[in-house]
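Dear colleague,

Please find below the structure for your files. My findings follow it.

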Amino acid sequence: MVIGITGGIGSGKSTLSKLIHRQGYPVYDTDKEARRLQDEDAILVQQIKSLFGENIYADGKLNRPAVAALVFNNTELLQKLTALVHPAVKQDFIKWKGNYNSEDLIFIEGAVLFEGKFDLLTDKIILVTASEDIRIQRVMHRDGISREQVLSRIKNQIPDTEKALKSDLVINTDRGLPDDIMQSIVVWQH
Ligand code: ADP
């Protein structure tokens, strides 16, 4: 069974994923693997160069701040980039999953599981939530950015109310992760 873990920025989804990983379950981190693929996947690198020009890579690494500046306020360009990256990540996830055929539960974590239709590759979805004020405080502290910067990132994501309707388990982390969280998840193990 493939379980997706999603949630807005600062919701605590990485914290939950780390806990699950520490319990011995395989967890695919879509943000991390997307970054790796954008640097290392030959086909994807070529496609990104076609979109932004050769110079968007320096020393074999994608210049992320430059990409961020180019796609900021350019929805069309951002969509084009996403349309290249998401299929590459999906393909990589399917390959990764093949290593774990004997596992009962494997996990895929990402902020954009619904937006990127990664939910179609999962059997269950866990939505991690926290109140907006708490998320803002956490991310300001974690990333050293302003309240306004956090808010602009939150505004770019589909609201939790909508995601909750499509999720199998919703975990609120305002008061920390519930102690019995693993029990709620392992019920899916057969
Ligand atoms: P996400 O991956 O959803 O953006 P993280 O798991 O990275 O969120 O959490 C964001 C920040 O908040 C991190 O610095 C993390 O240590 C902290 N954090 C996460 N969950 C909690 C919690 N339950 N209580 C307090 N701080 C938390």
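Helix H4 (residues 64-71) and helix H5 (residues 75-97) have axes that come within 8 Å and cross at roughly 130°. H4 is therefore oblique to H5, the class left over when angles under 35 degrees count as roughly parallel, over 145 as roughly antiparallel and 65 to 115 as roughly perpendicular. Axes are lines fitted to C-alpha atoms, for helices over the stretch in contact, with angles from 0 to 180 degrees between N-to-C directions; helices are DSSP runs (H or I, at least four residues) numbered from the N terminus.

On the H4 side, Val67, Leu70 and Val71 meet Thr75, Leu77, Leu78 and Leu81 of H5 (contact: heavy atoms within 4.5 Å). This contact has six nonpolar, one polar and no charged residues; Ala, Val, Leu, Ile, Met, Phe, Trp, Tyr, Cys and Pro count as nonpolar, Asp, Glu, Lys and Arg as charged, and the others, Gly among them, as polar.

The model is predicted: local features need pLDDT of at least 70 and side-chain atom pairs pLDDT 80 or more, while totals for chains, interfaces and linings use all residues. Residues are numbered from 1 along each chain as its sequence is written, and side-chain values use heavy atoms, without hydrogens and water.

As to the ligand, a backbone N or O atom of Gly10 lies 2.8 Å from one of its oxygen atoms. H1 gives the largest share of the shell around the ligand, three residues.

With kind regards

Notes: Helix = DSSP H or I, 4+ residues; strand = E, 2+ residues; numbered from the N terminus. Polar contact = N/O pair within 3.5 Å; in protein donor to acceptor, adjacent residues only side chain to side chain.
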